[in-house]
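The following exercises are meant to be worked through with the chain on the screen, and each task is followed by a solution in steps.

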Amino acid sequence: MTSRELEYIKTVADEKSISAAARKLYIAQPSLSQSLQRIEENLDAHLFNRTPSGLTLTYAGNAVIRWPVR
């Protein structure tokens with residue numbers, strides 16, 4: 001996982017919204033959504049719970065943001 005991918009995950013977790021995170025990261029929302037989907041496919045794990053009140057990290061998502069980036 002790259003530092004950019006980790007930044008994407010952390011920003012979405014902080015903002016609880018892909019749209020808000022995309023605005024904060026200055027990237028298009030579809031691009032961020034595709035990146036998150038690719039990350040989840042590579043890890044074979046869902047990183048976010050999608051709820052009516054926004055996105056929250058799953059157990060796997062919490063583990064990912066605590067991984068050291070190399």
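A residue counts as buried when its relative accessible area is under 20%, as exposed when that area is over 50%, and as partly exposed in between, with a 1.4 Å probe and protein chains only. The model is a predicted one, in which local features need pLDDT of at least 70 and side-chain atom pairs count only at pLDDT 80 or more, whereas totals for chains, interfaces and linings use all residues. Residues are numbered from 1 along each chain as its sequence is written, and side-chain values use heavy atoms, with hydrogens and water left out.

**Exercise 1.** List the elements of the chain in order.

Solution. Helices (H or I, at least four residues) and strands (E, at least two) are DSSP runs, numbered from the N terminus. The chain holds four helices and two strands, and their order from the N terminus is α-α-α-β-β-α.

**Exercise 2.** Find which residues of H1 are buried, and what covers them.

Solution. Begin with the burial: Leu6, Tyr8, Ile9, Thr11, Val12 and Ala13 are the buried residues of H1. Then look for contacts, that is, heavy atoms within 4.5 Å; the cover includes helix H2 (18-25), helix H3 (29-43), strand E1 (48-51), strand E2 (54-57) and helix H4 (59-65).

**Exercise 3.** State what share of the residues of the chain is buried.

Solution. By the cut-off above, 34% of the 70 residues count as buried.
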